[in-house]
Amino acid sequence: MTRTPLTPPELLDAAREMLAGAPARGLGERSRIAAFLARQALERRLTELWSSRQETAGLGRSSGRSQLICLRTYLNGDVELAQEIRYAWVALSNACHYHAYDLTPTTAELSDLINTVARFVARPSRRP
Amino acid sequence: MDDNLLDVVMARLYDKPLDARATDYLLAACEGGESLAARLRDQGGPVTETAPARAEPRPTIAYLRSITVAGFRGIGPEKKLELEPGPGLTLIVGRNGSGKSSFAEGLEILLTGTVRRWNGRPVAWHEGWRNLHDPVKAKVAADLLIEGAGEATAERHWDSKAKLSESQATLQVNHGKRTTLDQLDWHEALTRYRPFLSHSELETFIGGPSQLYDLLASVLGLEDLAAAEKRLTAARKAGEDGLREVSKDLPPLLEKLASVDDGRASACWRALSGTDRDLQQAYSLAAGAEIVEADSQVQRLRQWSQLAAPEEPEVAKAAAALRAAARDLAAPVTSAVAVVGLLREALAHYGRHGAGDCPVCGAPGAMDDSWRERTENQVRSLGDEEARALDARATGEDAARNARALFWPAPEFLRTPAVGAADPLRAWQAWSSWTRIPQGNEAADLRQLADHLHRRWQPLHDELSALRISAERELHARADRWAPVAVEVSDWCARAIAAKAAADAVPALSAAITWLRSATDEIRNDRLTPISEQAAAIWSRLRQESNVDLGPIRLSGSGTRRQVDLRVTVDNEPGAALSVMSQGELNALALSIFLPQSTLKESPFRFLVIDDPVQAMDPFKVDGLARVLDDVAKTRQVLVFTHDDRLTTAVRQLGLPARVLKVAREPGSVIEVSESLSPVEGYLDDARSLCRDPNVRAAVREHVVPGLLRLAVEAAFTEAARRRLLRTMTHAEAEDQIAAASKLAAKAALALAPKPGQSVYGALKRWDQLAADTYDKLNNSAHHGYFDPDGLIDDVTSLITTIRQRAR
């Protein structure tokens, strides 16, 4: 059975479902999984963005930091969104990891982060 | 009261009118204690013109250019912490004990004279403020960039033996004459918009409902309203208590009045005892105003003391005149006058009836022509004598009239009982004898009258003198007894009259107080709304549990019951704020309130200093904090002192344009400060990082790196532009100009201010050809053949060094 990788919107839906899901799992675990799914959506969308131009093809293999640095340039000057995405990526990365001292982000905060990613996902790669 | 506040009060008075008297008191109370007292004294007068509010000098608006500390706390030899004046976030990072907090506390003590977090600490804390390695010289200083004035240095230093509180603080503007630090006029603003927040203060920030209340209330600037309310309340209390207080003093006073044997005292007693007091009458009695009905004794004594007999020379003169007149009224003269009258009658008879017998003796033919001739001669000779006699009679009558004018009836007030030692009886008797004067104007009568004058004057004079002296004595004795009591009575009456007026004012005062309280509540909450909204927005980014929501902040109650209502909902259920919150949440809450409060547009401080805000903060929240600080830093110079690198990490990860200074302490309290990140450095870092990533293709690098470098150079130009502009224009104007310069060339022009006809390239070329060329390369983003990103980064780094060094 071949599995098609989930598209970014599907990943975000999955993240939202996970957050709203039955409390069979602990909230902490659900939050981490949701954060993971949302970060994956973000990264996959980044890869899509890079693939849409010949110049940036393959940039998805570079470090997260490099991609976020470049994002500013390739979002056609939408500095604010680039900044938001950078924050979301940092926050989601932190939330994915289990730190003994760390608290998971709250459901509302995760929802905000997922919405930020969703705005990015919904944005066309190139301006028409 | 400041004009703005007075305007608000006036506008509200228009909307919600208050009766005239209460309005009068309210406005007087707003004006000040003296005005209110005057209004209460003077009931019916016209409303006083509101005195023009004092022109409040605008406090100095400033950014920080540096903080210098020497011999203070953890810092030994003098060390200067260079800061970038203007909006922006600066993190000062150092381990505990590195001396970083000494900069924060140094600035605080420089400006306020104390360090709030030391208050309430043991004495040792206050004594150990000097640095052990440099105990002689202790100084804290800050270079400021003052709006409209340029550069200034504020300094506070201590002599070698001085205590913490014994410092001298000076201010020097543009290297001019040193003045005192008060010149900044920051005193009030330091309480109201306190730009310092340390970790320990975060806790006390919400230490008690009244503490937070006071802090927020001071921000709102409603102290003047509170003061007015206090004045009204005091006046009302005085009105309520005054009569009671005054009444307490009345019984002893009445007792005293009763003991004084004086008609005025008894009149006062009558006026003041009983339920229907006549204060005005008692007051005028005591003040010595006319008291005719009130005390006949004193009145009589006064009358007696003014009595006098006719003057002795006058009496002697009258007696002499009488005796002289009596002498002239001789008897022959008198008969001659009678004979002349008879002969004239006879001549008249002869004229009517002709010659004949004598009608008196019957002698026949006695009246004939010869008789007539004889008789006419006789009448002529006797006429002169008659005139003399008439003259003497008139003189006698005049003398008698004059003498009788010296007598007037004894006044009735001599027929009254004695007053003390003054007895008018003998004077009355003497006077009665004196006035029993002989009648008639004949010579004998006149002689008798002269004798009467002579005999009776002396006893009258003696008795009246005796009565006058005894009456005067009695009056003095009474005055000695009465005067002190009179003073007491008039004092008491004055107090009672004032107390009564004050008591009359109570209802109007109450109305004014009620009105002012509700007005204060509403004005306060109106003014609190923007802070409350900002706090909620910040809280939503810092909060640690999504189920706690911060609603509107309200101040309620007053006096000891004043409190801050933090409307918190937990899972949409209302809850009490502080009790459901964790330590970290409380810190976040305190920050949520501190930041809006210290960044109000009225605050003169363009900087704010936060010491260790991330302690007890959930690591995940540090990202939120970094973004909140970044937001505040768009309009304020934000200095954050922190002991760990979580905030730095967050700032780096989020790519926020912040400056990071690392502070380290070497042996001997020698402090090292190094810049580890800046907005400029951040872009360069990104560029370098991109160049190092082997997975980033050259084409991407060529596209992205020049953009990042342009941003780095723009940031350097912005810093330089700000330093230059802030010297000459207001901070707002400077920021407007900087914001308007969106392109690299525009920013460069702002920073370098090339002379007319000179280009930015030209200006740079004067300093450094390479810098000029690098600038040119960045500005023309077209490719120039082979692209060497690493080389360009180096060139840009050197261009930035040139800008930083030369464009000062």
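# Exercises on chain B

In chain B, 72% of the contacts with a separation of 6 or more are between residues 24 or more positions apart. Keep in mind that this is a predicted model.

## Exercise 1: Getting your bearings

Task: Find out how many helices and strands chain B has, and what percentage of its residues count as buried.

Solution: 
- Start by counting elements: chain B has 29 helices and 15 strands.
- Then turn to burial: 40% of the 808 residues of chain B count as buried.

## Exercise 2: The antiparallel sheet

Task: Work out the strand order of the open sheet that holds β1(B), and say which strands are at its edges.

Solution: 
- Walk across the sheet and you meet 6 strands in the order β2-β1-β4-β5-β6-β7 (chain B), with antiparallel pairing.
- Now look for strands that pair on one side only: those are β2 (79-82) and β7 (178-180) of chain B, the edge strands.
- Neighbouring strands here are turned by 25 degrees against each other on average, ignoring direction.
- Zoom in on one pair: β1 (residues 62-70) of chain B joins β2(B) through 4 bridges, in the antiparallel sense.

## Exercise 3: The mixed sheet

Task: Say in which order the strands of the mixed sheet come, and why one side of β8(B) and of β15(B) has no neighbour in the sheet.

Solution: 
- This open sheet also gets its order from a walk across: its 6 strands run β8-β12-β13-β3-β14-β15 (chain B), and the pairing is mixed.
- β8 (196-198) and β15 (670-677) of chain B are at the edges with a single partner strand each, so one side of each has no neighbour in the sheet.
- From one strand to the next, the twist averages 20 degrees.
- For an antiparallel pair, pick β14 (residues 658-666) of chain B and β15(B), joined by 7 bridges.
- In that pair, B:Ala664 sits opposite B:Glu672 of β15(B).
- Helices lie on this sheet too. α22(B) touches β3, β13, β14 and β15 of chain B, and its direction makes about 140 degrees with that of β3(B).
- Helix α4 (residues 100-112) of chain B lies across β3 (88-93), β8, β12 (607-611), β13 (637-642) and β14 of chain B, at about 135 degrees to β12(B).

## Exercise 4: Two helices crossing

Task: Describe how α17(B) and α18(B) lie relative to each other.

Solution: 
- The axes of α17 (residues 425-435) and α18 (residues 443-542) of chain B come within 8 Å and cross at roughly 155 degrees.
- Angles over 145 degrees count as roughly antiparallel, and these two helices are therefore roughly antiparallel to each other.
- The crossing of α17(B) past α18(B) is left-handed.
- Among the residues that meet are B:Trp431 and B:Trp434 in α17(B), and B:Leu460 and B:Leu464 in α18(B).

## Exercise 5: One face of a helix

Task: Explain why the buried residues of α27(B) line one face.

Solution: 
- List them first: in α27 (residues 760-767) of chain B, the buried residues are B:Val760, B:Ala763 and B:Leu764.
- Look down the axis of α27(B): its buried residues fall within an arc of 95 degrees, so they line one face of the helix.
- Their cover includes α26 (744-752) and α28 (769-779) of chain B.

Notes:
Residues numbered from 1 in each chain as written. Chains lettered and ligands numbered in written order. Predicted model: local features only at pLDDT ≥ 70, side-chain atom pairs only at ≥ 80, totals over all residues. Buried ≥ 20, exposed ≤ 12 C-beta atoms within 10 Å, placed from the backbone. Arc of directions from axis to C-beta. Contact = placed C-beta atoms within 7 Å. Pairing = 2+ DSSP bridges. Axes fitted to C-alpha atoms, helices over the stretch in contact; angles between N-to-C directions. Parallel < 35°, antiparallel > 145°, perpendicular 65-115°, else oblique. Left-handed = near helix turned anticlockwise from the far one by under 90°.
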